[in-house]
Amino acid sequence: MTSILRSPQALQLTLALIKPDAVAHPLILEAVHQQILSNKFLIVRMRELLWRKEECQQFYKEHEDSVVSASREIAAFFPDFSEQRWYEEEEPQLRCGPVRYSPEGGIHCAAGPGGPGPA
């Protein structure tokens with residue numbers, strides 16, 4: 001699926017976490033995924049994690065009393081993701097289009113020749 005985005009404003013990064021009760025039901029997971037797509041969010045990274053209860057408690061404890069930046073949360077889930085590189089190389093192409101959604105990878109990427117793929 002290809003679409004053209006025309007936005008003079010820089011895109012913002014948002015972290016979406018889908019909790020285990022939704023992931024456990026394929027139809028619910030697909031509905032959540034379609035809701036994200038239908039609201040015109042671009043999925044630029046996707047990852048499935050299986051955390052123990054202790055890891056979840058630590059993640060949420062760290063975030064319970066403060067406003068946490070998306071940068072810090074994204075770093076927790078995607079340690080190899082370079083936010084600066086994304087803003088310099090990928091964001092302009094995703095903002096200006098054309099973009100395509102790859103069902104196989106579950107993410108959006110630039111559709112034009114030479115467009116970056118996920119890092």
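E91 is buried, at 2% relative accessibility, where buried means under 20% relative accessible area, exposed over 50%, and partly exposed in between (1.4 Å probe, protein chains only). The side chain of E91 meets that of R95 in a salt bridge of 2.7 Å, N to O; the term stands for a side-chain nitrogen of Lys or Arg within 4 Å of a carboxyl oxygen of Asp or Glu. R95 is buried as well, with a relative accessible area of 16%. Because R95 and E91 are four residues apart in helix α5, about one helical turn separates them. An α-helix has 3.6 residues a turn, so residues three or four places apart point the same way.

The model is predicted: local features need pLDDT of at least 70, side-chain atom pairs count only at pLDDT 80 or more, and totals for chains, interfaces and linings use all residues. Residues are numbered from 1 along each chain as its sequence is written, and side-chain values use heavy atoms, with hydrogens and water left out.

Helix α5 also holds E89 and R85, four residues apart and so separated by about one helical turn. These two form a salt bridge, with the closest N and O atoms 3.5 Å apart. Here both partners are partly exposed, E89 with a relative accessible area of 40% and R85 with 27%. A network of salt bridges links R85 and E89 with R45 and E90. Elsewhere, the side chains of E55 and R52 meet in a salt bridge of 3.7 Å, N to O. E55 is partly exposed, at 30%, whereas R52 is exposed, at 52%. The structure holds six salt bridges.

What makes up the largest nonpolar core? It has 10 residues: L13, V44, F59, I74, F77, F78, F81, W86, L94 and V99. A nonpolar core is a set of buried Ala, Val, Leu, Ile, Met, Phe, Trp, Tyr and Cys residues joined through side-chain atoms within 4.5 Å. Helices α4 (70–77) and α5 (83–96) each supply at least two residues of this core. In soluble globular proteins, nonpolar side chains tend to be buried together.

The side chain of S102 joins that of E104 in a polar contact of 3.1 Å. Such a contact is a pair of N or O atoms within 3.5 Å; within protein, one must be able to donate a hydrogen and the other to accept it, and residues adjacent in sequence count only if both atoms are side-chain atoms.

Helix α2 (residues 26–38) has 13 residues and should span 18 Å at 1.5 Å a residue; its end C-alpha atoms are 18 Å apart, which agrees. The expected span is 1.5 Å times one less than the number of residues. Just after α2, K40 takes a positive phi of about 65 degrees.

Now the whole chain. It has five helices and three strands, in the order β-α-α-α-α-α-β-β along the sequence. Helices (H or I, at least four residues) and strands (E, at least two) are DSSP runs, numbered from the N terminus. Of the 119 residues in the protein chain, 23% are buried. Among contacts (heavy atoms within 4.5 Å) between residues at least 6 apart in sequence, 67% join residues at least 24 apart. The chain exposes about 8,700 Å², of which carbon and sulfur atoms supply 55%. Accessible areas come from the Shrake-Rupley method with a 1.4 Å probe; for residues, only the protein chains shown count as cover.
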